[in-house]
Amino acid sequence: MGGREIAGEYLVGYEQILAEAASTGRRLTRDELDSRRALGERAAEAGHGLRTLVSEHLATALAVWPRFSAPTDQALAAVHQAIDAFAEGYERAQRLAVRQEEAARREFIDDLLHGRSDLGRLAERAERFGLRLSHAHAVAVAQGPSSYEEGSGVPRQVEQALMTRFGNRNVLLTTKDGRLLCIAPGKEDEVLPYFAKQAHAATDGGQVAIGRSHPGPGGVVQSYEEALNALDLAGRLGLDDPVLRAVDLLVYPVLTRDRQAMADLVQDTLGPLTTARGGAAPLLATLTAYFDAGCVAAEAARRLSLSVRALTYRLERIHHLTGADPADPAHRYMLQTATIGARLLDWPVEEEGAHR
């Protein structure tokens, strides 16, 4: 069918309506307006362009214009009413389609990230959104000071930057629980670092975590959980790096895999610090800064805004209370592991709360 024949399907009754309304000077009736809206909805659902259909409405009006006996303003009013009602129905159908598409997208993302739904069916649905779940994928998660919703300014800004740089490379950008998510094929090594850069800037210095690449439908879930865990670790350990890679943080899940063993190590190694004046917190902060500074006393003192002499005194105090010398390589690994464990377990705050 040609363009005019297609358009004619959505102009049924239009000439008669114009002729009657223009000849009498009356406004279109409610039934006439409803019929135009219904045709507009059908045209949108069929995927026809509104611009072409409006042009056909105008062309038809010009063709029957000599038959109008009414003044020009009355004839134009009838044409305007008919086209406006048609466009209203068209736009209403489009809005409904957008809402349905958004709902389907959100349902798919929820199923994908929670590992729900049949994997075969999930893979079929994924192709609709540009993902091939038979391949490996990696996920990056960005969080900032605000909560972000799909379609809002920050996600649109980041998505535009990705599209400009990479075009269509089967990348899915979305939001989940107020965070930005980017799902990319594992072989596209440049996509997630670039997303991290753009998201960090767009979220006013937010933090981004990148999970490892994993194959299959379950790979997306695994990479997503790794990224979330990396952000959680960063919060508990005070890591302020703008970009975190799960592969660089694998030691921490290993350390906490046996939580009770770690709790025992912390209590046995650092428990005596709770007897110090002022509690364990200042001495624990000293150990943290000392190890983070590569066991360089001057740098650790700078980070704590202390003199080197004051820092040295604290280290000696730790040695006296625990029997372990932070400067002694033989003791250092145990102390450092216990210090990391204390931060992961929120010790001594959690410990003190348990005895209240």
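Visitor: What does contact mean here, and which residues is His214 in contact with, leaving aside its neighbours within four places in sequence?

Guide: Contact means heavy atoms within 4.5 Å. By that rule, in this predicted model, His214 is in contact with His135, Ala136, His137, Gly219, Gln222, Ser223 and Glu226, leaving aside its neighbours within four places in sequence. You will find His214 in the loop between β4 (207-210) and α9.

Visitor: Why is His214 called buried?

Guide: Buried means under 20% relative accessible area. His214 has a relative accessible area of 9%, so His214 counts as buried.

Visitor: What makes the pair of His214 and Glu226 a polar contact?

Guide: A polar contact needs N or O atoms within 3.5 Å, one able to donate a hydrogen and the other to accept it. The side chains of His214 and Glu226 make such a contact at 3.0 Å, which is within that cut-off.

Visitor: Where does Ser223 lie, and how do you know whether Ser223 is buried or exposed?

Guide: Ser223 lies in helix α9. Its relative accessibility is 0%, under the 20% limit, so Ser223 is buried. Not counting residues up to four places away in sequence, Ser223 touches His137, Ala138, Val139, Gly211, Arg212 and His214.

Visitor: Let us turn to α4. How do you know where its buried residues fall, seen down the axis?

Guide: Helix α4 covers residues 50-64 and reaches 21 Å from its first C-alpha to its last, close to the 21 Å expected at 1.5 Å a residue. The buried residues of α4 are Leu53, Glu56, His57, Thr60, Ala61 and Val64. Seen down the axis, these buried residues fall within an arc of 135°, so they line one face of the helix. The face turned away from the buried side carries the exposed residues Arg51 and Leu62.

Visitor: What makes the phi of Asp204 worth a look?

Guide: Most residues other than glycine have a negative phi. Asp204 is not a glycine, yet its phi is positive, about 60°. Asp204 lies in the loop between α8 (191-202) and β4. Its relative accessibility is 69%, over the 50% cut-off, so Asp204 is called exposed.

Visitor: Why is Cys295 called partly exposed?

Guide: Cys295 has a relative accessible area of 21%, so Cys295 is partly exposed. Cys295 sits in the loop between α12 (281-292) and α13 (297-304), and its phi is positive too, near 65°. Cys182, with a relative accessible area of 0%, is buried.

Visitor: What makes the peptide bond from Trp347 to Pro348 stand out?

Guide: Most peptide bonds are trans. The bond from Trp347 to Pro348 is cis, with omega near 15°. Pro348 lies in the loop between α15 (329-344) and α16 (349-354).

Terms used. Residues numbered from 1 in each chain as written. Predicted model: local features only at pLDDT ≥ 70, side-chain atom pairs only at ≥ 80, totals over all residues. Heavy atoms only, no water. Buried < 20%, exposed > 50% of the residue type's maximum accessible area, 1.4 Å probe, protein only. Helix = DSSP H or I, 4+ residues; strand = E, 2+ residues; numbered from the N terminus. Expected span 1.5 Å × (residues − 1). Arc of directions from axis to C-beta.
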